[in-house]
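Dear colleague,

I am passing on the structure below, and after it I set out what came out of going through it. Please read the notes with the coordinates open beside them.

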Amino acid sequence: MGLLLSKEPRRRPRQKRPRCGSWWRRRRRPLLRWPRGAPAKAAAAPRGRDCLFRGPCMLCLVVHGPGAPAPAGPEEEPPLSSPRPLGAYGAAASSQPPARRRAGLAAEDAARRLLLSAAAAVAAPPAPGRGELGPAAAAARERPARSLLWARAGPVRPPAPPAASRLFRAPPAEPPAPPEMVCKRKGAGVPACTPCKQPRCGGGACGGGGGGGGPAGGGPEQHPPPPLRAPRSPAAPGGAPAEAGGDAVRAGGAAPSVARQQQHECGDADCPEGPDPPCDCHREPPPDAPDINQLPPSILLKIFSNLSLDERCLSASLVCKYWRDLCLDFQFWKQLDLSSRQQVTDELLEKIASRGQNIIEINISDCRSMSDTGVCVLAFKCPGLLRYTAYRCKQLSDTSIIAVASHCPLLQKVHVGNQDKLTDEGLKQLGSKCRELKDIHFGQCYKISDEGMIVIAKGCLKLQRIYMQENKLVTDQSVKAFAEHCPELQCVGFMGCSVTSKGVIHLTKLRNLSSLDLRHITELDNETVMEIVKRCKNLSSLNLCLNWIINDRCVEVIAKEGQNLKELYLVSCKITDYALIAIGRYSMTIETVDVGWCKEITDQGATLIAQSSKSLRYLGLMRCDKVNEVTVEQLVQQYPHITFSTVLQDCKRTLERAYQLGWTPGVSAASS
């Protein structure tokens, strides 16, 4: 405003930098210096008429001059005719010529009226397009401007025209100390308030206007905003920072920063100056993507337990070190399936045994690269071994089975089928040292005889499962020993052994017998089979395949007496359609019937068993040449809950399964 009142622009002197020691020493000094006794510089020429009275500008005179005390209220303006005390520069201006004084009075009057118009613009109602402010919001908006106007410039009182000297009266007897007169044309006295970024309260007026934005004011309860830092004002020409709003506080009004802060904290919804949108730097960073490694180790171990040994060792363990450590957890090395892996050697078995000494089950079937040495080391380092499986390991001998029996007394399962070098010496060690044996399998071990089997029967009283296959040296004595010393036997199989009806009849002592495999027993009669079915009430599976002596009468007795029988296998037996009709008529529990390769079975027997049986789910008719495929196709359509097994039907199911897996004939032919 001072620039508008002055006639010519005045060059503002450049602020001098403080004489910092380091900067002053680096400053280039002039070559020529004034002597110590040199006279001072000549007095500066009088200033031009850029500011009135050759002093600070008129704005400084009006704003910084000491005024009368503030009026009682901002709404009531004092009368303009009240006299104003003479300012610091008014006394100096009284010595000016009359023309100069009249020009000064006119300029002062114009400045005061300009300030009045600015205050009226601030207090004016909003434009029609922006919406009207409430009374509380308008009062809150007008209060800072009025307090600033009356604090800075004092009450505006135009002088009386006849007596111009009233404007420049002498100061009172005890005048207050005049404030430091510094020209602040760029608004240093009223620093710009930084935009307030506090959320607006929900009330109808701000907290300073008396409306109340909290619960008492009717609006929602708001938390008090955090204290704001007062804005720093620019430094004074002398180098000391000037306090923001210091002049206003000394003049009796409120600080501009506080007033502006109250104005921005106004909670009115019609406030024209809202808070700025938050800066991106204050936004919270986006949440991190979920990481599977943040799951507890117990859950990850549960997930890895569903993977096979190859998937854990060849895939999961290569992801990271953490997963590698999890894959090496002891629980994954309790049960090892190393079957059909030719890279399994004695050294590998030794390393596995050294790392997982708590192995309870291991399967080394079809591993041809190892020897008895590796099995001995494994048995020595894993005394808690419970289940040992080694099918078709023809290179192993009695040494391995003796080591397992000696170092693993808790052994419960031993399956060592098809080992040609295994003899009765190994079986004797098992029977004498492994009292907890429950499941043994010595199929196709041709050097085993009754001597070793009887030792196992007498030593392993908890035996529940025994399976022998094509052991020609095993006779009725072994069957009798197991029937007498192992009352807990549930599954018994002597397929292809030198067993007769005299030995099989001892199995009637086994009350818990549930599965009996008597395939290819050359000297088995129907009476023995019927007696077993009558006495063994818990029998659920009976396999009589390859016994040509089994006839329709035996099957009828089985259907009548087998109260819990569910599976009956009669492949290559001497039966006719009458056997199938008897099964469908008398049995209410049989679900699986296989009469493949029975040449006397016709369409009538297949149709009648399908119609009469309520429990049948599978009927095997493989190579029953008298059964027509058209009849079987009709049965498939009429009884979809029954699976009919023939050559054609099995081929159809195989093709359907291949189509479901995505196989197409064209792709297969092109690839071949």
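Leaving out residues up to four places away in sequence, G452 touches D424 and L427, contact being taken as heavy atoms within 4.5 Å. G452 and D424 lie 28 residues apart in sequence, yet their C-alpha atoms are 4.5 Å apart in space. G452 belongs to helix α16 (residues 450-459), where helices (H or I, at least four residues) and strands (E, at least two) are DSSP runs numbered from the N terminus. With a relative accessible area of 0%, G452 is buried; buried means under 20% relative accessible area, exposed over 50%, and partly exposed in between, with a 1.4 Å probe and protein chains only.

Before going further, two remarks on the basis of these notes. This is a predicted model, in which local features need pLDDT of at least 70 and side-chain atom pairs count only at pLDDT 80 or more, while totals for chains, interfaces and linings use all residues. Residues are numbered from 1 along each chain as its sequence is written, and side-chain values use heavy atoms, with hydrogens and water left out.

Turning to the strands, 5 of the 5 residues of β7 (residues 491-495) are buried, so this strand is largely enclosed by the rest of the structure. Both of its faces are covered, with C491, G493 and M495 on one side and V492 and F494 on the other. Strand β6 (residues 465-469) runs parallel to β7 and is joined to it by 5 bridges, two strands being counted as paired if DSSP finds at least two bridges between them. In this pairing R465 stands opposite C491, and C491 in turn stands opposite S515 in β8, a strand that pairs with β7 in the parallel sense over 3 bridges. Together β6, helix α17 (residues 476-485) and β7 make a right-handed β-α-β unit, meaning that, with the strands pointing away from the viewer, the path from the first strand over the helix to the second runs clockwise.

The largest nonpolar core holds 112 residues, of which I362, Y388, F442, F482 and L542 touch the most other members; such a core is a set of buried Ala, Val, Leu, Ile, Met, Phe, Trp, Tyr and Cys residues joined through side-chain atoms within 4.5 Å. Leaving aside neighbours within four places in sequence, L542 is in contact with residues including L516, V529, V533 and I558. In helix α19 (residues 526-535), N526, T528, V529, M530, I532 and V533 are buried, and the buried residues of α19 pack against α18 (501-504), β8 (515-517), β9 (541-543) and α20.

As for helix packing, the axes of α21 (residues 577-586) and α22 (residues 603-612) come within 8 Å and cross at roughly 0°, axes being lines fitted to C-alpha atoms over the stretch in contact and angles running from 0 to 180 degrees between N-to-C directions. These two helices, α21 and α22, are therefore roughly parallel to each other, a term used for angles under 35 degrees. The axes of α20 and α21 come within 9 Å and cross at roughly 10°.

Phi of R392 is near 55°, a positive value in a residue other than glycine, and R392 sits in the loop between β3 (387-389) and α14 (398-407). Q444, also not a glycine, has a positive phi of about 60° and is partly exposed, with a relative accessible area of 24%.

With best wishes

Note on methods:
Parallel < 35°, antiparallel > 145°, perpendicular 65-115°, else oblique.
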